[in-house]
Amino acid sequence: MITIDSLRAYGANVEEGLARCLNKEDFYLKMVNLGLKDERFEKLEGIFASKDYDAAFEAVHALKGVVANLALTPLSEPIEKMTELLRSRTDTDYSDLCNQVKAERAKLLAL
């Protein structure tokens with residue numbers, strides 16, 4: 001079960017995330033759980049495999065907003081890298097960044 005302490009241990013900036021949630025721990029934890037269930041996480045690999053970079057940018061940019069607002073720093077870092085690469089329409093292999101996102105999300109889901 002995700003707790004404030006487990007999020008801190010993970011590396012989230014809990015104080016920043018809480019501030020965005022009116023310092024209500026229950027609300028913050030609910031938003032973290034909802035954010036981690038975002039279906040766009042499951043679709044990333046397929047979107048990149050199709051090389052639909054417009055769709056990839058839309059998905060990654062939305063995920064960036066979710067995880068950045070919740071201050072889930074270790075998860076937001078690879079998402080931010082992807083966002084910037086996609087913003088500049090960089091045609092590259094995104095598999096390493098996708099794997100980083102999957103691994104960080106898995107760590108959070110295991111809390």
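Analyst: A residue is called buried when its relative accessible area is under 20%, and exposed when that area is over 50%. The model is a predicted one. By this cut-off both Tyr53 and Tyr94 are buried.

User: Which residues of α4 are buried, and within what arc do they fall?

Analyst: The buried residues of α4 are Phe41, Leu44, Ile47 and Phe48. An α-helix has 3.6 residues a turn, so residues three or four places apart point the same way. The buried residues of α4 line one face of the helix, because seen down its axis they fall within an arc of 95°.

User: Which residues are exposed on the other side of α4?

Analyst: The buried residues of α4 pack against α3 (25-36), α5, α6 and α7. On the other side of α4, the exposed residues are Glu42 and Ala49.

User: At what angle do α4 and α6 pack, and how far apart are their axes?

Analyst: Two packed helices are described by the angle between their axes and the distance between the axes. α4 covers residues 40-49 and α6 covers residues 73-87. The crossing of α4 past α6 is left-handed. The angle is about 35°, and the axes are 14 Å apart.

User: Phe48 and Tyr94 form an aromatic pair; of what kind?

Analyst: A pair of aromatic rings is described by the distance of the centres and the angle of the planes. For Phe48 and Tyr94 these are 4.6 Å centre to centre and 20° between the planes. Phe48 lies in helix α4 and Tyr94 in the loop between α6 and α7 (95-109), 46 residues apart. Planes under 30 degrees apart count as stacked, and the pair is stacked.

User: Why is Phe48 counted as buried, and what is the relative accessible area of Tyr94?

Analyst: Phe48 counts as buried because its relative accessibility is 10%. Tyr94 is buried as well, with a relative accessible area of 3%.

User: What kind of pair do the rings of Tyr53 and Tyr94 make, and which residues form the aromatic cluster?

Analyst: The ring centres of Tyr53 and Tyr94 are 5.8 Å apart and their planes are at 55°, so this pair is tilted. Tyr53 is in helix α5 (residues 53-69), 41 residues from Tyr94. One aromatic cluster is formed by Phe48, Tyr53 and Tyr94.

Conventions:
Residues are numbered from 1 along each chain as its sequence is written. This is a predicted model: local features need pLDDT of at least 70, side-chain atom pairs count only at pLDDT 80 or more; totals for chains, interfaces and linings use all residues. Side-chain values use heavy atoms; hydrogens and water are left out. Axes are lines fitted to C-alpha atoms, for helices over the stretch in contact, and angles run from 0 to 180 degrees between N-to-C directions. Helices (H or I, at least four residues) and strands (E, at least two) are DSSP runs, numbered from the N terminus. A crossing is left-handed if the near helix is turned anticlockwise from the far one by less than a right angle, and right-handed if clockwise. Rings of Phe, Tyr and Trp (its six-membered ring) pair if their centres lie within 6.5 Å; planes under 30 degrees apart count as stacked, over 60 as edge-to-face and the rest as tilted. Buried means under 20% relative accessible area, exposed over 50%, partly exposed in between (1.4 Å probe, protein chains only). The arc is that of the directions from the helix axis to the C-beta atoms. Contact means heavy atoms within 4.5 Å.
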